Every structure is written in structure tokens, then in C-alpha cells.
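Hi,

Here is the structure I promised to pass on. Have a look at it first, then read my notes below.

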Amino acid sequence: MLCNYGSSSKYKKLDSKLERKMIEMKGSASGQSNFKSIDSIILRFPQFREGLRNLRGVFKQYDEDSNGTIDREELNRCLEKLQLHFTKEEVEDLFHSCDIDGSEGIQFNEFIVLLCLIYLLMKPSSSPDNTLKMHSLQLEATFDTIVEAFLFLDKNGDGKLNKKDVMKALNEASPWKRSPARVTRTRFKEMDWDKNGKVSFREFLFAFINWVGIESDEELPDSGT
């Protein structure tokens, strides 16, 4: 998957909001989690895959010209139909933050990230009229569980991941059988696309969707390279 990180500053505003949201949710979780190890997350991949693939129909609905991407006009109409009210600047932030290949169009995997970010940022909302209604309890549960997976990896609760967090999570279930350093470096590299040593929730989402493998007809990249 090609990534466009020529100007990381354009992601900072949204990533800062997500970081604060993660810190808030980590605090409210009080250390409780359904995940006890990285293996417990991997075992849920089939459920994640099924839940996220259900968005294919939603994507096709808003991809009005059926060209495989959602452009700005289609995104604006999508948000209107979902009864979400954003400023022009906020829509641009979302668009640029999810259009990671710089194609000026939101592809299916990017659309999943976009909806998950909106769902997260609008929940809970001080304005009930501006809360994303997924119309699918399964999808909401999928997004909530992905957030929970991130919080499990965020060991120090600062709203972002670092290599120490990932290493600790990979070795948590079996400290006597530590994962090779090469594996830890590879997994972290897959998430840290802008190579700043920290992984935002947005970066984590893109990597996580890739690991889950929502596109069964596409060959996933070799993580060993």
C-alpha cells in the first residue's frame, strides 16, 4: 500500500484530537480489557473481517459514479445523508487524513478508516444530533473492539503507541518466549508510516485493516520485507 506522507503537518490536528480521545478512553476503561495478549486480538480477526466487509455496500452506495473511490463532493453528500455536520475545514482534514495515497479519492480501506474516526470522535457527543448512527450494532461493536485493541497496546496510556508498547504487548502472554526483535521491528514499522517513532490511532487503523485482510481477492504485502 502506497502512502503519501510528504507533509505530516496536515495530519497533526486530527491526530491530536484522536490522541486526546484515546487518553480519555484509556482513563475511563480503568485497566479493564477483553484482550489479555496479542494472540487474543489475532483470534478475533475473522469477526473483524466480517464486520468491516459489511461496509462494502455502504461504500458502493456513496461511490455514485462507481469508479472505486469517493471524491470530495461524494463525501460531502455522504456526510449529509448520515446527518453529520462538519465545517469545510473539518471535512478537508478528514479527507486528507484518510487519503493516504494522495489519489484525491477515498478508497474502500480509507473509507473504513474515515467512518471509524468519525464514529470515535463523535462518541459521546455533546450534541445528540451530531452522533454517527451506523445503523448496525455489529459495525459499532467492531469499531469499539478495534479501539479496545489499540488501548491494549497503549501500555502507558498516552494516546499513541511506541516501540516499547508494541514489544511489551507482543511478549505479554509468554514472557519466557519472547518475540524476536525482528518481528517487533517489522510490526512497528508497518504502523509507523511517517517514521517518527510514534503511532497514532489513525496509523494503527490502516495497519490493522491490512493485517485483518478485508480484501480477500488481493494479495497482502509480505510483512517480512
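This is a predicted model: local features need pLDDT of at least 70, side-chain atom pairs count only at pLDDT 80 or more; totals for chains, interfaces and linings use all residues.

Helices (H or I, at least four residues) and strands (E, at least two) are DSSP runs, numbered from the N terminus. On that basis the protein chain reads α-α-α-α-α-α-α-α-α-α-α along the sequence, with eleven helices and zero strands.

Residues are numbered from 1 along each chain as its sequence is written, and side-chain values use heavy atoms, with hydrogens and water left out.

Now the inside. Of the 225 residues in the protein chain, 44% are buried (under 20% relative accessible area, with a 1.4 Å probe, protein chains only). The largest nonpolar core has 62 residues; such a core is a set of buried Ala, Val, Leu, Ile, Met, Phe, Trp, Tyr and Cys residues joined through side-chain atoms within 4.5 Å. Ile41, Phe143, Phe201 and Phe204 have the most contacts inside this core, and H7 gives the most to it, with eleven residues.

Ile41 is worth a click: leaving out residues up to four places away in sequence, Ile41 touches Phe35, Phe48, Ala149, Phe152 and Phe208 (contact means heavy atoms within 4.5 Å).

Also find H7 (residues 108–121) and H8 (residues 137–153), which pack at an angle of about 85 degrees. That makes H7 roughly perpendicular to H8 (65 to 115 degrees, between N-to-C directions of axes fitted to C-alpha atoms over the stretch in contact). On the H8 side, the contact includes Phe143.

Cheers

Notes:
Axes are lines fitted to C-alpha atoms, for helices over the stretch in contact, and angles run from 0 to 180 degrees between N-to-C directions. Angles under 35 degrees count as roughly parallel, over 145 as roughly antiparallel, 65 to 115 as roughly perpendicular and the rest as oblique. Buried means under 20% relative accessible area, exposed over 50%, partly exposed in between (1.4 Å probe, protein chains only).
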